[in-house]
Amino acid sequence: QTSVPQDGDKIVMKIRGTLVDILCPICPEVYEPYVTYEGKHKVLYVLMLKALYGMMVASILYYKKFRKDIESIGFKVNPYGCCV
């Protein structure tokens, strides 16, 4: 649901759909002024302060370490849903 066009050195993320509907009630004074509409769909453009890609890589590295640690103490990985 998001796309990330680059604007020079800045990264702008376009958020639409359900995520906008979740963010606005949480903190309306922050998000509501920046909500725009594309047709009848709410859209929120966010200037990224940190790299989203690096955060995703960190999550994968954490998962791999956690999985290795719990397997070493006897837990078995579910073959039908490895993240369960």
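Helices (H or I, at least four residues) and strands (E, at least two) are DSSP runs, numbered from the N terminus. This is a predicted model, in which local features need pLDDT of at least 70 and side-chain atom pairs count only at pLDDT 80 or more, while totals for chains, interfaces and linings use all residues. Residues are numbered from 1 along each chain as its sequence is written, and side-chain values use heavy atoms, with hydrogens and water left out.

**Strands.** I looked up the overall order and found three helices and five strands, following the pattern β-β-β-α-α-β-β-α along the sequence. Strand β5 (residues 41-48) pairs with β3 (residues 10-16) in the antiparallel sense over six bridges. There, K14 has Y45 in β5 as its bridge partner. Strand β4 (residues 35-38) also pairs with β5 in the antiparallel sense, over four bridges, and Y37 stands opposite K42. The hairpin of β4 and β5 has two residues between the strands, and G39 takes a positive phi near 70° in this hairpin.

I took buried as under 20% relative accessible area, exposed as over 50% and partly exposed as in between (1.4 Å probe, protein chains only). Buried residues make up 14% of the 84 residues. A nonpolar core is a set of buried Ala, Val, Leu, Ile, Met, Phe, Trp, Tyr and Cys residues joined through side-chain atoms within 4.5 Å. The largest one has eight residues: M13, I15, V20, L23, C24, V35, L44 and M48. Two or more residues each come from β3, α1 and β5, with α1 giving the largest share, three residues. I then checked contacts (heavy atoms within 4.5 Å). Leaving out residues up to four places away in sequence, L44 touches M13, K14, I15, V20, L23, Y31, Y34 and V35.

**Surface.** R16 lies in strand β3 and counts as partly exposed because its relative accessible area is 42%. R16 and L44 are 28 residues apart in sequence but 6.2 Å apart in space, C-alpha to C-alpha. L19 is in helix α1 (residues 18-26), and with a relative accessible area of 34% L19 is partly exposed too.

For the whole protein I noted an accessible surface of about 7,100 Å², 63% of it belonging to carbon and sulfur atoms. Accessible areas come from the Shrake-Rupley method with a 1.4 Å probe; for residues, only the protein chains shown count as cover.

Note on methods: Two strands pair if DSSP finds at least two bridges between them.
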